[in-house]
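Subject: The structure we talked about

Hi,

Here is the structure I promised to hand over. Have a look at it first, then read my notes below.

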Amino acid sequence: MRKIKHHLALLTLSAACLHAYAAPVSASKQALVDHVLKLWNIDNIGQSMLQVPVADAVQQARAMLQGRAAPDKRDAAMNDIVGEARQFMNEATPITRASADKLIPTTIAPMLAERYTEEELKQLIAILESPVKKKFEAMLPEMQKTLGEGVVADTRPVIDPKLQGLKEKIGLRLRAAVTP
């Protein structure tokens with residue numbers, strides 16, 4: 001077991017050394033990599049990663065308050081909770097963006113430089129700058145909303161009773177858990 005750990009450590013060190021001593025990237029290729037990274041907005045990944053657990057926490061709080069608090073107290077609590085979540089995101093986003101900005105040049109940029117030729121990077125930039133891509137991305141919120149509304153309308157008769165049943169079961173479990 002000790003030998004395996006030793007070999008794994010050596011392999012990790014070797015890989016790190018190889019990565020550190022990778023072939024130098026020409027200035028023209030590095031400029032293309034930098035352009036791709038600028039167009040990609042990958043530094044927003046931290047914010048995206050934070051949004052899921054924060055939204056989940058807000059949703060869980062809403063579910064916990066449902067039926068357990070008077071409507072006025074529930075609404076006030078939810079306003080406070082949403083405000084706290086918003087404040088958290090406002091404080092955490094710059095931290096995650098700074099981390100991404102620090103790590104991108106040493107992680108993502110070398111990967112792009114290693115795996116793409118200058119011609120491929122130019123093609124990627126053309127795709128990322130494409131007016132058709134921008135038009136498509138501008139339509140995404142509308143398409144998602146339209147599809148979401150259609151799915152809701154189409155599935156409401158089947159899903160609503162199931163969702164109500166789930167909420168009742170959760171409510172019963174919560175009441176059982178908090179009742180002495």
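**How the helices pack**

H2 and helix H5 (residues 108-115) pack with their axes 10 Å apart, at an angle of about 125 degrees. Helices here are DSSP runs of H or I with at least four residues, numbered from the N terminus. Axes are lines fitted to C-alpha atoms over the stretch in contact, and angles run from 0 to 180 degrees between N-to-C directions. The angle makes H2 oblique to H5. (Under 35 degrees counts as roughly parallel, over 145 as roughly antiparallel, 65 to 115 as roughly perpendicular, and the rest as oblique.)

Before going on, a caution: this is a predicted model, where local features need pLDDT of at least 70, side-chain atom pairs count only at pLDDT 80 or more, and totals for chains, interfaces and linings use all residues. Residues are numbered from 1 along each chain as its sequence is written, and side-chain values use heavy atoms, with hydrogens and water left out.

Back to H2 and H5. Which residues of the two helices meet? Lys 29, Gln 30, Val 33, Val 36, Leu 37 and Trp 40 in H2 meet Ile 108, Ala 109, Leu 112 and Ala 113 in H5, where contact means heavy atoms within 4.5 Å. By class, that contact has 8 nonpolar residues, 1 polar and 1 charged. (Ala, Val, Leu, Ile, Met, Phe, Trp, Tyr, Cys and Pro count as nonpolar, Asp, Glu, Lys and Arg as charged, and the others, Gly among them, as polar.)

H2 (residues 27-40) also packs with helix H6 (residues 118-129): their axes come within 10 Å and cross at roughly 25 degrees. These two are therefore roughly parallel to each other. Among the residues making this contact are Leu 32 and Leu 39 of H2, and Leu 121 and Ile 125 of H6. The classes here are 8 nonpolar, 2 polar and 4 charged.

Then look at H3 and helix H4 (residues 71-103), whose axes come within 10 Å and cross at roughly 165 degrees. That makes H3 roughly antiparallel to H4. Their contact includes Leu 50 and Val 54 of H3, and Ile 81 and Phe 88 of H4. It divides into 13 nonpolar, 5 polar and 3 charged residues.

**The largest pocket**

What lines the largest pocket? There are 13 lining residues, and Arg 62, Ala 63, Gln 66, Lys 167 and Ile 170 lie nearest its centre. (On a 1 Å grid over the protein atoms alone, a pocket is an open set of points where a 1.4 Å probe fits, with protein on both sides within 12 Å along at least five of seven lines; lining residues have an atom within 4 Å of a point.) H7 gives the largest share of the lining, 7 residues.

Cheers
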